[in-house]
Amino acid sequence: MPSLKDLSKGEERLTSGHKLCPGCAESIIVRAVTKATNNPIVVSCATSCLEVSSTEFPQTAWKVPYIHNAFENAAATLSGVESAYLALKRRGKVNKEIKFLAFGGDGGTYDIGLQSLSGTLERGHDVVYVCLDNEAYMNTGIQRSSATPHGAWTNTSQVGDAHRGKEEFKKDILQVVAAHDIPYAAQASPHNYMDLFNKAKKAFETKGPAYINVISPCVPGWKYPPHLTIKMAKLAVETCFWPLVEIERGKWKLNFDPGDNKKPITEWIKHQKRFKHIFKPENKHILDELQAHVDLKWDLYKKRCQL
């Protein structure tokens, strides 16, 4: 297994010069994932922060074949490319072993692109899909998505007399994906680089569809100082808001358990101004609801991993 030092010397498939925000986690995640295979890669990318920041015509930060289609169909586009590749391979016109990798944000995965993703998984295409989950439609102005946490402010889940942030809980996309019975699915965080790299490596080596859900802290959307990005990712895991898990052919495995050192959700959200209103005495019930939901989901994941 390569070390971090070895990886730092490896080929870069996303180069410097992109226009992602200072402190954005997406470039860290993309670089880790694309280093996880030595094979040629074809990348499909949904409309997202990653897309608009890395491929502003006529410039590109990508050093691999790259396709941008629409918001909702990165997975469908890539499944078509993979099918064309297999047809060319059968005819002897291609002899390279090529990997197919799709990126989407939470809007293009949890919401708009869910049908496309579901079809790709159900049909069994040999592709890797990575969701960069920054918990809202950040690229279009910070609107709530089904990945936005309970109580969080966005421009479409405002804080006022009638509403105090998002009223619904975050969609559990990993369980939705797991219900497709695909060979490999995982949840990862950029703060644990080697865990993310190893999961991407497994995904590329898996025959058939693979999915990785990665938390991607967002400076303007979450409203925290840029230097805290990795800390934000780490605290999401240490509070058990974002469990690190793998699902290999139906078998759930927990990659990190804080045990008695589990931190309360306040340790994560207190750094983010999108949650500042729930620390007011009159909104304490929102904080209690969020903590209870995190505890419930954590217990559920632990039980699944013990089966």
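These legends accompany close-up views of a predicted model.

**View 1. Cysteines without disulfides.** The model contains zero disulfides. Cysteine 49 takes part in none, and its nearest cysteine sulfur, from cysteine 218, lies 6.0 Å away.

**View 2. The largest nonpolar core and tyrosine 211.** This core has 54 residues. Tyr211 and Trp268 touch the most other members. Helix H12 (residues 284-306) supplies the largest share of the core, six residues. Beyond its neighbours within four places in sequence, tyrosine 211 contacts a set of residues that includes Thr109, Leu117, Tyr129 and Cys131. Also in contact with tyrosine 211 are Ile173, Leu174, Val177 and Ile182, along with Tyr184, Ala185 and Ala186. Another core, of 34 residues, lies apart from the largest one. Among the residues of this other core are Leu20, Ala25, Tyr184 and Phe197.

**View 3. Helix H2 against helix H8.** The axes of helix H2 (residues 26-34) and helix H8 (residues 193-205) come within 8 Å. They cross at roughly 45°, which means H2 is oblique to H8. The crossing is right-handed. From H2, the contact uses Ile28, Ile29, Arg31, Ala32 and Val33. From H8, it uses Tyr193, Leu196, Phe197, Ala200 and Phe204.

**View 4. Helix H6 and its cover.** Helix H6 spans residues 114-123. Its buried residues include Ser116, Leu117, Gly119, Thr120 and Leu121. Glycine 124 follows H6, with a positive phi near 80°.

**View 5. Serine 116 within helix H6.** Serine 116 sits in helix H6. Its relative accessibility is 13%, so serine 116 counts as buried. Leaving out residues up to four places away in sequence, serine 116 touches Glu72, Asn73, Ala74, Ala75 and Ala76. Phenylalanine 275 is 159 residues from serine 116 in sequence. The C-alpha atoms of serine 116 and phenylalanine 275 are 32 Å apart in space.

Note on methods
Residues numbered from 1 in each chain as written. Predicted model: local features only at pLDDT ≥ 70, side-chain atom pairs only at ≥ 80, totals over all residues. Heavy atoms only, no water. Disulfide = S-S within 2.5 Å. Core = buried A, V, L, I, M, F, W, Y, C linked by side-chain atoms within 4.5 Å. Buried < 20%, exposed > 50% of the residue type's maximum accessible area, 1.4 Å probe, protein only. Helix = DSSP H or I, 4+ residues; strand = E, 2+ residues; numbered from the N terminus. Contact = heavy atoms within 4.5 Å. Axes fitted to C-alpha atoms, helices over the stretch in contact; angles between N-to-C directions. Parallel < 35°, antiparallel > 145°, perpendicular 65-115°, else oblique. Left-handed = near helix turned anticlockwise from the far one by under 90°.
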